[in-house]
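Thank you all for coming. I would like to take a few minutes to walk through one model with you, and I will start by putting it on the screen.

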Amino acid sequence: MIYRKDINGLRAIAVLAVMLFHFDFYFSRGGFIGVDVFFVITGYLMTGIIFTDIEKKKFNLLNFYISRLTRIVPALSFLCFILIFFGFFLLSPLDYETLGKHVSGSIRFISNDMFWRESGYFDKNSFEKWLLHTWSLSLEFQFYFIYPIVIIVLKRFISLKLIKILIIIGASCGYLFSIYASHIWPNPSYYLLPTRYWEMLVGGIAYLYPLKLKNKINRVYLESLGLILILISCFFLSKNILWPGYFSILPVLGCFIFIQANNHNSFFTSNIIFQKLGSWSYSIYLWHWPIVVYIYYYSLENIYNYYGFIISIFFGFLSYNYIEKIKINRSLNNFKDYLKFKPFYFIIILTILGSFIKFEQGFLKLAPDNYQKLVNLSKQSPLRDQCHISDYQYPENSCEYFGKDITWAALGDSHVVEIAYALAERLKNKNLGIKHFSFSGCPPSYGEDNKFHKCSKWYNESVKYIANNKKIKNVLLNHRFTYYVMAELSKKNKNSHNSQKETMKVLERIDSVILYLASKKEKVYVYYPIPTLPIHINKLIDQTYKKKLNLSEIKSSTLNWYLDDNRYIIEHFNNSEFPKNVYLLKPQEKLCDEKFCYAIKNNEPYYYDSNHPSSTFGAPKLVDLINIEN
């Protein structure tokens, strides 16, 4: 293909947008759209390679894959090796274990599937994942793998002309599906190919149906329009918008228009700075995110974001010149040639190494005994992955455990999971069981529709299922109530009328579900807010150990701070007149004393992260507040 300086410059714009967003430059609220620009460029280039060779009847599928691996694997492998080496000395065992898992997934190009199952892209804990950004590389490689196969198969039955039309139809259908899926399955929609492939097909359309503009002025106008759409997306969209959804068409269309302008001597992108950044863009992209995570991991000041931005470019320059430019033989003609293909070995070695680190729990056994003990006791419910959901599920399909006589139900968000498990452990002695209803990040949504939250339909159906199930006598209800109240308060000034009005609506939703269940069931147990930690408990253990302080007892906050931080819910519950069969439970009676709340006490970790109670000690202590005998 003819080298296009304008597309190389567009790569620079894309990587700069992503960097500005990740290094938290306030004016780049939508900089994540840089990845969408990369996807369109990928589609353009891959379509060009595939169709050009097919038309010349010289396309070789295996050589196509080899070419892609040669382009991607060396720089990615080098980054993974560096992270593994320094992570051994700098990371806590559990963080190192997670890094091993992510290395193994990234080098096999399945990290997008792995990351969506862990959390949303914009969640705060994403800043603890050193290889989160490789989700886009995995998605692109999945496209590389599938796209040529589909074209080759179709070519056997229909003409290339009709295939080109099908690509237009596929892109259109993909966009419509991404709009729908982003509302129903926001996390997987962000990460996975079925809702992203259309962006790459749009790039393919730009190649297959090029505009032939002879007038240079028209090229400049068209290029400017494309850039404007990209920049509007970068500076005016935000992570609060469902993505990819309606608005994803803006950067994709902007990139499409820019490519169609075909302005080789662009004032915007042909300058030497953008050309260099475009050439280094892949390596810059690889290195910038670990630097972002490093700044977050060590809680460095904001000024380090500026340093990190510059260092990312420098590392990208080094990686491009000394890793990407290493010549690897792509002409593999026989079995011996394939045995000499180095990227295969990089993939195998890193897969084994990452899996070994994961298997060894980040070499936890090398840590001191008391450290190992606390980490091993900071456990989540063994049924969390099986029973806790993040997408719609029929209520009747919810988990039931452990006794055969299901007389209890547990309802809420992720903060009810471990409590439900601990309660079920107590109930099984009486051969009683519990039915588990929990949805990730789900606020009390009784009476609302899915416009309010993606869990609302599930929540309403679950509440009605519990209410109408005559076998269920008692209900345990817990949400991270304060989180949802503070989310409303933070939307506007805390003292604004509208914000206070929205807060009242949150409290009304809480009351409505409690009152409705109380009218149908014998007993309803509701927890006051559970104290939270300032950071993940493993980091708290790390910090305490490094300071050579006592690990057997670690304070999380003062009791007064807990009471003040949760005052909206505490005051509301204190002043509410619920029926006599509603029991309000106070976690501070078990997790705090007269002055402090604790993360660890008497060598017992009460949490398994920064806010969820551990299934070993925290949740059982909270269950102690329930009078099961009566």
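I will speak about a pair of helices and then about a sheet.

This is a predicted model, in which local features need pLDDT of at least 70 and side-chain atom pairs count only at pLDDT 80 or more, while totals for chains, interfaces and linings use all residues. Residues are numbered from 1 along each chain as its sequence is written, and side-chain values use heavy atoms, with hydrogens and water left out.

Helices (H or I, at least four residues) and strands (E, at least two) are DSSP runs, numbered from the N terminus. The axes of helix H5, residues 111-118, and helix H6, residues 135-155, come within 7 Å and cross at roughly 135 degrees; the axes are lines fitted to C-alpha atoms, for helices over the stretch in contact, and angles run from 0 to 180 degrees between N-to-C directions. That makes H5 oblique to H6, since angles under 35 degrees count as roughly parallel, over 145 as roughly antiparallel, 65 to 115 as roughly perpendicular and the rest as oblique.

From H5, Ser111, Asn112 and Phe115 meet Trp135, Ser138, Leu139 and Gln142 of H6, where contact means heavy atoms within 4.5 Å.

Turning to the sheet, it is open, with 3 strands in the order S6-S8-S9 and antiparallel pairing, two strands being paired if DSSP finds at least two bridges between them. Strands S6 (554-558) and S9 (604-605) stand at the edges, each with a single partner strand, so one side of each is left without a neighbour in the sheet. S6 is joined to strand S8, residues 596-601, by 4 bridges, and the two run antiparallel; Ser557 has Cys597 in S8 as its bridge partner.
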